[in-house]
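Colleague: Could you take me through this model, beginning with the DNA contacts?

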2 protein chains.
Amino acid sequence: MSGASPRKPSARDRLLASADELFYAEGVHTVGIDRVIEHAGVAKASLYSCFGSKDGLIRAYLEGRHQRRRERILAELERFRTPRDRLLGVFDVLAEQAAAPTFRGCAFYNASAESTPGGVVEEVSDANRAWTRSLFTDLAREAGAPDPAALAAQLVILYDGTSVGARMDRTPAAAVTARAVAAALLDAALGDHPDAPVPYAPTRGDGDVTMR
Amino acid sequence: MSGASPRKPSARDRLLASADELFYAEGVHTVGIDRVIEHAGVAKASLYSCFGSKDGLIRAYLEGRHQRRRERILAELERFRTPRDRLLGVFDVLAEQAAAPTFRGCAFYNASAESTPGGVVEEVSDANRAWTRSLFTDLAREAGAPDPAALAAQLVILYDGTSVGARMDRTPAAAVTARAVAAALLDAALGDHPDAPVPYAPTRGDGDVTMR
DNA sequence: CCGACACTAGACAGATCTGTCTGCTATCGT
DNA sequence: ACGATAGCAGACAGATCTGTCTAGTGTCGG
């Protein structure tokens, strides 16, 4: 309604939507160009004029995932009041995603597993991981953790592990477990239990990861 | 010295060794048959007479990984005395592996990310995951955890998350963090801190996972 | 009206991949 | 000595994949 073309989406947009669906569902290497253009109803020449190469399409696919992921998480986190709830809310969002029938784990890890290192996948993937880590660090700091980076390191492991488990075991059960563990770790970091062992985690020199 | 053929390994063994190296390093789909036979110094006909198809080779590759992984973990766990040390020892073994320059994450997840669901990869992969979960469940029970399956669910998440983190971040740092968190979770499960929140995890109906 | 632009349809080249087939060689048990 | 077995070398077929190119169509601003 309040937008650009009421008609049908541009070839570029249809291409991106098809790539997003097919690449995520079956893998960037497994799915060929022909499958993508057929699904998008687009000519092959349009693909190459828009993205230059398949690698260009893969990059655009991952960048789109990265951007929408940030938007979704930040948007969903706004409904939580306290810093604690916002931190745990990241796992609530993950639980929602993991419960979707189309869930196939982390798009960046999946693409990375199919690609030779040093390519475009690694680049976008690194940016995505840096954002996640920095998100957890910020939330940990806001929640009052004395060592936000250390707590973030723990939460990232839980987050990754949940993603893997939900995909491989074909059930979102891990998300519930991970959220509970995250809550316990947060409590421990906040010193709710003075004699509780505070899990050690090395503070990596990532204090100023750029949140692009 | 004390073995079978002092000469050179059979074509099958060389094939398997090459597949193990190349498939793990670059992916089962990315690496073609020609690369494998060239690296193994073996004729193409030998490959197909030994394994029938590329899928057969992939299955043998993953089954070999599965078997050696079990043997290695069980062997390394024997040097620990207490149940607690054995449980945490799983993360020590993981730390060693993650520190190796050739480490590329979980071979089963990587292969799964490259393959369409329902194939041979999924089958071997499921067996591997079932074994891991059952290992943690047994160790948790021996360590005296009141709900071994619940603790195992938490440990599996840490294990998976470490594997992902070490691969994607290209550093084994996560293993140290995960081990510390595992220790804290074990202590919490054992009730060292009566008023500590015991993280909830649903007890899945996997009490009798066959440890093949 | 018309020229720029975005797009479509599909043939085509060249590379690569799986899998088959033929012919040759070496080794080993009997 | 000899036949069976295991293996090597490489050509070949057929499919598939990326990427290019030609030619035609529709649309829209000026």
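Colleague: Which residues come nearest to DNA strand D?

Modeller: This is a predicted model. In it, 17 residues lie around DNA strand D, and those that come nearest are Gly32(A), Ile33(A), Lys54(A), Ala11(B) and Ala43(B).

Colleague: And which helices supply at least two residues each of that surface?

Modeller: From chain A, helix H2 (33–40) and H3 do so, together with helix H1 (11–26) and H3 from chain B.

Colleague: What is the make-up of the surface near DNA strand D by class?

Modeller: There are seven nonpolar, five polar and five charged residues.

Colleague: Turning to DNA strand C, which residues come nearest there?

Modeller: Ala11(A), Ala43(A), Gly32(B), Ile33(B) and Lys54(B) come nearest, out of 17 residues around DNA strand C. The surface near DNA strand C has seven nonpolar, five polar and five charged residues.

Colleague: Which helices are involved in the surface near DNA strand C?

Modeller: Chain A contributes through helix H1 (11–26) and helix H3 (44–51), and chain B through helix H2 (33–40) and helix H3 (44–51); each supplies at least two residues.

Colleague: New topic: what rotation superposes chain B on chain A?

Modeller: The rotation is 180°, with 0.0 Å of shift along its axis and an RMSD of 0.0 Å. That is the relation of a two-fold axis.

Colleague: Which C-alpha of chain B is nearest the axis?

Modeller: That of Gly161(B), which is 1.8 Å from the axis.

Colleague: Do the copies meet through the same surface or different ones, and why?

Modeller: They meet through the same surface, because 100% of the interface residues of chain B are also interface residues in chain A.

Key. Residues numbered from 1 in each chain as written. Chains lettered and ligands numbered in written order. Predicted model: local features only at pLDDT ≥ 70, side-chain atom pairs only at ≥ 80, totals over all residues. Near = placed C-beta within 6 Å. Helix = DSSP H or I, 4+ residues; strand = E, 2+ residues; numbered from the N terminus. Nonpolar A, V, L, I, M, F, W, Y, C, P; charged D, E, K, R; others polar. Least-squares fit on C-alpha atoms with pLDDT ≥ 70 in both. Contact = placed C-beta atoms within 7 Å.
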